[in-house]
Amino acid sequence: MSTITRLYDTHIEAMDAVSALEAAGFGAADISVISNNADNWHESHRHHGRSPGDMNGDGENDVAEGAGKGAATGGALGVGAGVLAGLGMLAVPGLGPVVAAGWLASAAVAGAAGAAAGGAVGGILGALKETGHDDDDAHVYAEGVRRGGTLVSVRVNETERARAQAILDESRGWDAAARGAAYRQTGWTRFDPAGAPYTTDEIAAERARYR
């Protein structure tokens, strides 16, 4: 299995990408989402007429609490219920408040706990590297979330790799090479897990820059 990740400037584009992957037959257990939530979009967002986690249509997020508990213990978020149904609120070091679901989010939280206990580099960087991304790509993708973006990752076998990549690219996802080049033009070098999360105003300016 290999991992394909793309960065989206808005959560709406990312959610549409997830829906497209699932519609194409990629399983929810192999898809993961980590989205900046500095503007609190998760509180009022509606995806195809229903809020994330609203399994019975009553307006309440039925699974977010369980998803958060799963991440805290390193468990899988959202598996078996559709990725968007499993979205829950999390805190990942260096990123600020995020909304996340799936295996990558679980790995990021578990890795952060391990790093705090004296283990290897954890958090989002460690999770991305463990899934096969090189050091440069991991730093770009982590910085992308810090700046207001959303990561969508999918685990695939080699026979499905091209098809999954095409779906993510068609839904306006950025790869690490393209977005990293743009970041470096402004003097950026690496993601700093100890850096302050972007403010809502900074995120708005960042998103406008790439429209």
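At what angle do helix 5 and helix 6 pack, and how far apart are their axes? The structure is a predicted model, in which local features need pLDDT of at least 70, side-chain atom pairs count only at pLDDT 80 or more, and totals for chains, interfaces and linings use all residues. Residues are numbered from 1 along each chain as its sequence is written, and side-chain values use heavy atoms, with hydrogens and water left out.

Helix 5 (residues 123-130) packs against helix 6 (residues 135-146) at about 135°, the axes lying 9 Å apart. Helices here are DSSP runs (H or I, at least four residues) numbered from the N terminus; axes are lines fitted to C-alpha atoms over the stretch in contact, and angles run from 0 to 180 degrees between N-to-C directions. Helix 5 is therefore oblique to helix 6, given that angles under 35 degrees count as roughly parallel, over 145 as roughly antiparallel, 65 to 115 as roughly perpendicular and the rest as oblique. The crossing is right-handed, that is, the near helix is turned clockwise from the far one by less than a right angle. Ile124, Leu125, Leu128 and Lys129 of helix 5 meet Asp135, Ala138, His139, Tyr141 and Ala142 of helix 6, where contact means heavy atoms within 4.5 Å. This contact comprises six nonpolar, one polar and two charged residues; Ala, Val, Leu, Ile, Met, Phe, Trp, Tyr, Cys and Pro count as nonpolar, Asp, Glu, Lys and Arg as charged, and the others, Gly among them, as polar.

Helix 6 also meets helix 8, their axes coming within 9 Å and crossing at roughly 70°. Helix 6 is therefore roughly perpendicular to helix 8. Asp136, Asp137, Val140, Tyr141, Glu143 and Gly144 of helix 6 face Ala176, Arg179, Gly180, Tyr183 and Arg184 of helix 8. By class, four of these residues are nonpolar, two polar and five charged.

Elsewhere, helix 1 (residues 11-23) and helix 7 (residues 161-170) pack at about 150° with axes 9 Å apart. This angle makes helix 1 roughly antiparallel to helix 7. Ala17, Ala20 and Leu21 of helix 1 and Ala164, Ile167 and Leu168 of helix 7 form the contact, which has six nonpolar, no polar and no charged residues.

A search of the whole structure finds one cavity of 30 Å³ or more. On a 1 Å grid over the protein atoms alone, a cavity is a set of points where a 1.4 Å probe fits but cannot get out, and lining residues have an atom within 4 Å of a point. The largest cavity has a volume of about 40 Å³, volume being the space filled by probe spheres set on the points, which are joined across faces, edges and corners. Its lining includes Gly144, Arg179 and Tyr183. Helix 8 (176-184) and helix 9 (200-209) are the elements that give two or more residues to this lining. The lining has three nonpolar, three polar and five charged residues.

Definitions and conventions: On a 1 Å grid over the protein atoms alone, a cavity is a set of points where a 1.4 Å probe fits but cannot get out, and a pocket is an open set with protein on both sides within 12 Å along at least five of seven lines; lining residues have an atom within 4 Å of a point.
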